[in-house]
Amino acid sequence: MDAKVKVGILGCGNIFPQYVKGCRSFQVLEVVACADIDLNRARDRAEEYAVPKACTPDELLNDPEVQLVVNLTVPQAHVQTNLDAIAAGKNVHAEKPFALKREDGRRILDAAAARGVLVGCAPDTFLGGGLQTCRKLIDDGWIGEPVAATAFMMGHGPESWHPNPDFFYKFGGGPLFDMGPYYITALVSLLGPVRRVTGSARASFPERIATSQALFGHRISVDVPTHVAGVLDFEAGPVATLVMSFDVWAAQLPRIEIYGSEGTLSVPDPNTFGGPVKVHRAGSDEWNEVPLTHSAAVGRGIGAADLAYALLCGRPHRASGQLAHHVLDVMESLYDASDSGTHVLLQSTVERPAPLPLGLLAGTLDS
Ligand SMILES: NC(=O)c1ccc[n+]([C@@H]2O[C@H](COP(=O)([O-])OP(=O)(O)OC[C@H]3O[C@@H](n4cnc5c(N)ncnc54)[C@H](O)[C@@H]3O)[C@@H](O)[C@H]2O)c1
């Protein structure tokens, strides 16, 4: 296929370089413009990464050439910028979280449906070789019937390295909304939708102090839970234990493991596109590393590329707004469960996104 979908990137911060590179690795995408509320930042990025046009957010949304807005603004700006892009008739692939409240996620889905545009959302790491291999192993029965899972992200927050770390400690940040989407999206892709959750959340420290060279000593007040422990019951039956924390200096827990009737699957870091993938089958006394079935040489942008194919071919896209909305529902329900001391039934459901086909050529997503 020679057709291209023209991309305008909104938000030229820390993650911008990975997206420019990732989008350019797919033949179906062409980055034509970038914009930021800080126009100088957009200009600098455009020059450094040879993006043909740098402009204001309004100019980007009114540019008839732009078909797909890749939204890399901070979480607190996602809802309004997603709605503005949709109102301007643009398809959108947004960074996570999709929105900060379920009803806002629903507004974005409804607006996109009414305007006849597609909306997708990060993370797209579940389309990488590591998690696609896990999906194939589960679907092919290598661990039998999945019965349980664990998912742990144990760290001490991004203030040691991120150039603008404040947003991680404001509403819409915290380990659950920042890192949870990688883990929960991976689990939904592997096990299907969640039925109900319960959990507890706390903010262990009222203040954070940045230690990166540029911001050393900068103080950040903490407005969100920074340690969240949850239990997720999946519609298909498995029960997952999930801990997302910015309060832990060191831990020796796995990232994700799936426990099946016939064995255990060790899932790679869901914030990456690669392996290793390991299986320990019942009756064996060792873990076996499994060669990846899909390419790990992909990056952020694969979800946007998949959306571009959806636009051109009329098939569903995988990193969809519906999937992101279900993940948002899981996250908000975990907070609701902690506040109310109960199990919370999910308000949404979603179908597992289709696995990627085998044997894709580099730079393409259609076999
Ligand atoms: N940095 C990472 O490693 C990383 C990794 C994966 C995902 N993300 C996600 O990407 C998004 C951006 O993260 P980042 O680290 O690049 O943040 P950042 O603060 O470095 O950059 C965000 C940029 O968005 C701009 N912006 C803010 N509001 C805007 C608006 N209304 N219109 C246009 N521009 C606006 C800011 O001026 C800034 O340049 C977040 O949702 C984050 O969760 C970041």
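Close-up 1. Gly199 stands opposite Gly230 of β11. The model is predicted: local features require pLDDT of at least 70 and side-chain atom pairs count only at pLDDT 80 or more, whereas totals for chains, interfaces and linings use all residues. Residues are numbered from 1 along each chain as its sequence is written. Strand β8 (residues 194-202) pairs with strand β11 (residues 227-234) in the antiparallel sense over eight bridges; pairing requires at least two bridges found by DSSP. Helices (H or I, at least four residues) and strands (E, at least two) are DSSP runs, numbered from the N terminus. Seven bridges join β11 to strand β12 (residues 239-245), again antiparallel, and Asp233 stands opposite Val239 in β12. Four residues lie between β11 and β12 in this hairpin, and Gly237 in the turn has a positive phi of about 120°.

**Close-up 2. Helix α9 and its surroundings.** Helix α9 (residues 302-313) has 12 residues. Its buried residues include Ile302, Ala305 and Tyr309; a residue is buried if 20 or more other C-beta atoms, placed from the backbone, lie within 10 Å of its own C-beta. The elements covering the buried residues of α9 include β1 (5-10), α1 (16-24) and β2 (29-35). Gly314 follows α9 and has a positive phi, near 75°.

**Close-up 3. Asn82 in helix α4.** Asn82 lies in helix α4 (residues 78-87). Asn82 counts as buried because 29 C-beta neighbours lie inside 10 Å. Asn82 and Ala112, 30 residues apart in sequence, are separated by 9.3 Å from C-alpha to C-alpha.

Note on methods: Expected span 1.5 Å × (residues − 1). Buried ≥ 20, exposed ≤ 12 C-beta atoms within 10 Å, placed from the backbone. Contact = placed C-beta atoms within 7 Å.
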